[in-house]
Amino acid sequence: MSKLEKIPEFNKKDWKLIGDEVCDRIRVQTKVEGKDVFNKKFRAYEEGYDKVKKKRGGDTGKVDLTLTGDMMNGLQTRGFNNNSVVIGWNPENSRKIEGNEKQGRAVTTKSKPIPDKVTKWVRSYLGTRVDINIQKNTNKPIVYTIGKR
C-alpha cells in the first residue's frame, strides 16, 4: 500500500469513537434539548401518557422521550470494523422508536438517520483524521544542497 492510499484510512478505534459519540449526541438532542432528528421540538405527549409519566415522577412539561431512560440509554454502538460503524437499539426499543416516529416524535428515520448537527460533527471528525493522515504520510523533509560537497 502506498502512503497516499493511507490518507483516507480509518481504524476500528476511529469508528468505535464515532459510533459512541453519535449515540451521545443523539441522546443529548433528544433528552436534553427535547428535539427530533429534524431539530424541531417534540410534539406534546398525549393526555394518557402524560398521566402515566406524572405518576412515575417524570417531568410532563418537557417532551424528552424518557420515562425510564431505557429506550434512549439503549442507543449504542452495535458493531464496527475498519470501514464502518453500526449504531442502534435492541428490537424492543426499536419498536418504541418507530412508534414515537408515527406519533410525530422522530429520533431517527430511514430517510434521515441522524440529525444535521451530528452529521456535521462526523464530517468534521473524519476531515480532521484525513488531515492528520495527510500530514503523517506526505511530509518529507526538503533538502537543499548549496555549493559543492
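## Aspartate 14 and its contacts

Looking past its neighbours within four places in sequence, aspartate 14 is in contact with Tyr125 and Arg129, where contact means heavy atoms within 4.5 Å. Aspartate 14 sits in helix H1, residues 12–32. With a relative accessible area of 5%, aspartate 14 is buried; that word means under 20% relative accessible area, while exposed means over 50% and partly exposed lies in between, with a 1.4 Å probe and protein chains only.

A word on the model: it is predicted, so local features need pLDDT of at least 70 and side-chain atom pairs count only at pLDDT 80 or more, whereas totals for chains, interfaces and linings use all residues. Residues are numbered from 1 along each chain as its sequence is written, and side-chain values use heavy atoms, leaving out hydrogens and water.

## The chain as a whole

The chain holds 5 helices and 2 strands, in the order α-α-α-β-β-α-α along the sequence. These are DSSP runs numbered from the N terminus: helices are H or I with at least four residues, and strands are E with at least two.

Of the 149 residues, 33% count as buried. Among contacts between residues at least 6 apart in sequence, 61% join residues at least 24 apart. The accessible surface comes to about 10200 Å², and 52% of it belongs to carbon and sulfur atoms; the areas come from the Shrake-Rupley method with a 1.4 Å probe, and for residues only the protein chains shown count as cover.

## Aromatic pairs

Which rings pair up here? The count comes to 2 aromatic pairs. Rings of Phe, Tyr and Trp (its six-membered ring) pair if their centres lie within 6.5 Å, and planes under 30 degrees apart count as stacked, over 60 as edge-to-face and the rest as tilted. Phenylalanine 10 and tryptophan 15 have ring centres 5.8 Å apart and planes at 75 degrees, so they are edge-to-face. Phenylalanine 10 is buried at 15% relative accessible area, and tryptophan 15 is buried at 13%.

Tryptophan 121 and tyrosine 125 form a stacked pair, 5.5 Å centre to centre with 20 degrees between the planes. Both lie in helix H5, residues 116–138, and are 4 residues apart, about one turn of the helix. Tryptophan 121 and tyrosine 125 are both buried.

## The largest pocket

The largest pocket holds about 320 Å³ of space. On a 1 Å grid over the protein atoms alone, a pocket is an open set of points where a 1.4 Å probe fits, with protein on both sides within 12 Å along at least five of seven lines, and lining residues have an atom within 4 Å of a point. Its lining has 14 residues, with Trp89, Ile97, Thr108, Thr109 and Lys110 nearest the centre. Strand E2 (85–88) and helix H4 (91–102) are the elements that give two or more residues to this lining, and H4 supplies the largest share, 4 residues.

## The second largest pocket

About 270 Å³ of space lies in the second largest pocket; a volume is the space filled by probe spheres set on the grid points, which are joined across faces, edges and corners. Its 16 lining residues have Tyr49, Leu65, Leu67, Met71 and Asn100 nearest the centre. Helix H3 (70–73) and H4 each supply at least two lining residues, and H4 gives the most, with 3.

Tyrosine 49 belongs to helix H2, residues 47–55, and is partly exposed at 30% relative accessibility. Tyrosine 49 and leucine 67 are 18 residues apart in sequence and 9.7 Å apart in space, C-alpha to C-alpha.
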